[in-house]
Amino acid sequence: MPRTLDPAAHALRRDAFVDGAQRLIARGGYERLSIAELLAELGTSRGAFYHYFDSKEALLEAVVDRMADGAVAELAQVAGDATIPAAEKIESMFAALARFKGERSELIFELMETWNSDANAVVREHLRTEVVARLEPLIAQVVREGVEQGVFDVASADDTASVLVSLIQGASERAGRMLLAVRTGVVRLPDVKRFSATYAEAFRRVLGLERPITLMDDETLEFWFG
């Protein structure tokens, strides 16, 4: 009789590898992470690892996917809050994302250089596709609310959401490069603040919003780039 797979137990065992990888990456960086070190950390076998992941790169993808899942869940909670006006939801979604990343800053710092390498181009494209699929409906929902409330002026909520998600991804990639540049002294905090303000203005114009908006406050900018 074939063995019956227990989905819950399977997920827990797989999650243990992702948990261990996150700890080791935060401790010493992705480049230093070895499968042997992870196996020693977890007290398990190489065969068990390859039952869930076919490579170290696949493990990195799982770590990043988990972060994306968590970030989108934070944004969904804000988007679904009926007590927050639409314009404030846009700002609150960015604040929630900043908090989420701040709580994982050590891991994000360690992942940054590896994430931007040519070797991870396929993983980045996978994450980009997944984020678009999950984020566009949330943004479109908020845009529709803003149109109904008379604060956004757009022709199509869905098309506007697509444009805004493209802006978000482009800004995120640029911010990642600026973060590395700040750490080496090539870019300074005033440069980052100028970029953030320009990005917020682009967001405001796409939405047709009359009042200015803040997508990242000075405290958050100083935390990451100061």
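Guide: In this predicted model, the largest nonpolar core has 69 residues. Those with the most contacts inside this core are Phe53, Ile90, Phe152, Phe203 and Phe225. Helix 4, residues 56-79, gives the core its largest share, 12 residues.

Let's stop at Phe53. Setting aside neighbours within four places in sequence, Phe53 is in contact with Arg14, Phe17, Val18, Ala58, Leu59 and Ala62. Phe17 leads us on to helix 1, where Phe17 is one of the residues that meet helix 2. From helix 1, Ala16, Gly20, Ala21, Arg23, Leu24 and Arg27 also take part, and helix 2 brings Glu37, Leu38, Leu39, Glu41 and Leu42. By type, the residues of this contact are 7 nonpolar, 1 polar and 4 charged.

How do we describe such a pair? Two packed helices are described by the angle between their axes and the distance between the axes. Here the axes of helix 1 (residues 7-28) and helix 2 (residues 35-42) come within 10 Å and cross at roughly 115°. Their crossing is right-handed.

Now find Phe225, another of the core residues with the most contacts. Phe225 is buried in helix 10, as are Thr220, Leu221 and Trp224. Looking down the axis of helix 10, you see the buried residues fall within an arc of 105°, so they line one face of the helix.

Definitions and conventions: Residues are numbered from 1 along each chain as its sequence is written. This is a predicted model: local features need pLDDT of at least 70, side-chain atom pairs count only at pLDDT 80 or more; totals for chains, interfaces and linings use all residues. Side-chain values use heavy atoms; hydrogens and water are left out. Buried means under 20% relative accessible area, exposed over 50%, partly exposed in between (1.4 Å probe, protein chains only). Helices (H or I, at least four residues) and strands (E, at least two) are DSSP runs, numbered from the N terminus. The arc is that of the directions from the helix axis to the C-beta atoms. Axes are lines fitted to C-alpha atoms, for helices over the stretch in contact, and angles run from 0 to 180 degrees between N-to-C directions. A crossing is left-handed if the near helix is turned anticlockwise from the far one by less than a right angle, and right-handed if clockwise. Contact means heavy atoms within 4.5 Å. Ala, Val, Leu, Ile, Met, Phe, Trp, Tyr, Cys and Pro count as nonpolar, Asp, Glu, Lys and Arg as charged, and the others, Gly among them, as polar. A nonpolar core is a set of buried Ala, Val, Leu, Ile, Met, Phe, Trp, Tyr and Cys residues joined through side-chain atoms within 4.5 Å.
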